[in-house]
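Please read the following report beside the sequence and the model. It moves from salt bridges to the overall chain and then to a sheet.

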Amino acid sequence: MTSASAPGKIILFGEHAVVYGRPALAVPVAQLHADVEVSDSSKDGIWIDAPDINLHAELKSLPSNHPLAAVIDKFFTLLSSPHFRKTKMGGQRGVEIKIISTIPVASGLGSGAAVSVALIRALSSHLSRPMTNEQVNALAYEIEKIHHGTPSGIDNTVITYAKPVFFVKGQPIETFRVGKPFTIVIGNTGISAPTKEAVGDVRVLWEADKARWEKVFDKIGEIAEKAKERIENGEWELIGDLMNQNHALLQEMTVSSPELDRLVSAALKAGALGAKMSGGGRGGNMIALVRPETAEAVSRLLKEASAKNTIITSIHP
Ligand code: PMV
């Protein structure tokens with residue numbers, strides 16, 4: 001049996017504007033992870049067992065655009081070895097793929113990309129076909145297109161490299177240094193919201209008034225640049241205000257929601273230094289920057305303001 005794991009992620013700054021070429025900052029969240037085990041089976045065929053999404057099926061029974069089927073198909077296409085697949089995976093020897101994930105789906109925490117990355121790595125190690133991070137990342141990006149339509153690539157990148165990433169679409173991977181650890185409380189609205197829709201709605205706004213939205217994206221890009229500098233200098237107390245500014249711009253883009261806004265206000269009232277939605281928006285998660293000693297109080301108040309659950313995480317150098 002072989003196994004692989006990949007972390008969840010949060011976007012600290014720059015979601016949506018990143019689709020239009022502005023920089024964004026994302027960090028892995030190790031408490032959240034997708035784990036994949038691949039083992040030989042006496043049964044013929046490739047079997048997928050994903051209890052979290054209630055799926056137990058043979059690969060060939062899934063539609064070809066199902067993200068899990070697509071990861072496996074694209075994996076074999078990359079190896080350019082249909083024969084390999086037939087003899088080793090579909091023929092005499094069957095394979096069982098078990099997927100367990102603690103990352104809530106459709107909530108901006110990178111569940112789709114984490115499952116793809118863990119699955120690609122588990123398959124590549126089970127079949128002794130080592131892959132570079134670049135290959136894993138490129139393949140996971142192809143699957144993100146099924147999940148998201150026109151993804152920037154930020155999710156698969158931060159999850160593949162499992163390091164803080166300063167991401168600019170189409171540019172070489174740039175990781176960044178965390179000068180001093182800082183604490184984030186993640187609050188989940190419990191509302192699953194497909195990123196694809198929010199991204200599509202922003203595109204409609206942008207098509208209708210490019211000049212206006214390009215300016216908004218510029219402001220978000222500048223915020224992300226400043227935040228990176230402050231985090232690298234260990235001045236994390238100074239990024240709270242930048243988070244609030246970024247949230248206001250996301251509200252203007254219509255991708256926040258009453259539930260996200262309520263959690264953001266509750267966090268600020270409870271003493272957070274800054275707060276914003278994180279990810280595609282309309283539901284999913286928000287994040288609050290806190291001093292470690294106020295983390296529990298912020299988490300409690302988020303729950304009182306109807307957060308379905310909260311996670312306290314620290315971002316380390
Ligand atoms: O997967 P999510 O919900 O964290 O969203 C990704 C961030 C977006 O900027 C909204 C989309 C993208 O592809 O970058």
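## Salt bridges and their surroundings

In this predicted model, Glu-207 is partly exposed at a relative accessible area of 46%, where buried means under 20% relative accessible area, exposed over 50% and partly exposed in between, computed with a 1.4 Å probe and protein chains only. Its side chain meets that of Lys-210 in a salt bridge with an N to O distance of 3.9 Å, a salt bridge being a side-chain nitrogen of Lys or Arg within 4 Å of a carboxyl oxygen of Asp or Glu. Lys-210 likewise counts as partly exposed, at 40% relative accessibility. Elsewhere, salt bridges that share partners join Arg-22, Glu-214 and Asp-218 into one network.

Arg-22 is buried, with a relative accessible area of 12%, whereas Glu-214 is partly exposed at 25%. The structure holds 11 salt bridges, among them the one between Lys-60 and Glu-58 at 3.8 Å, N to O, in which Lys-60 counts as exposed at 70% relative accessibility.

## The chain as a whole

The protein chain contains 10 helices and 10 strands, which are DSSP runs numbered from the N terminus (helices H or I, at least four residues; strands E, at least two). Its radius of gyration is 20 Å, close to the 20 Å that the globule rule gives for 317 residues, so the chain is as compact as a globular protein of that length; the radius is taken over C-alpha atoms, and the rule is 2.2 Å times the number of residues to the power 0.38. Buried residues make up 55% of the 317 residues.

An open sheet is formed by 4 strands in the order 8-9-7-10, with antiparallel pairing; two strands pair if DSSP finds at least two bridges between them. Strand 8 (274-278) and strand 10 (309-315) stand at the edges with a single partner strand each, so one side of each is left without a neighbour in the sheet. Strand 8 is joined to strand 9 (residues 285-290) by 5 bridges, and the bridge partner of Ala-275 in strand 9 is Ala-288.

## Basis of the values

Residues are numbered from 1 along each chain as its sequence is written, and side-chain values use heavy atoms, with hydrogens and water left out. Because the model is predicted, local features need pLDDT of at least 70 and side-chain atom pairs count only at pLDDT 80 or more, while totals for chains, interfaces and linings use all residues.
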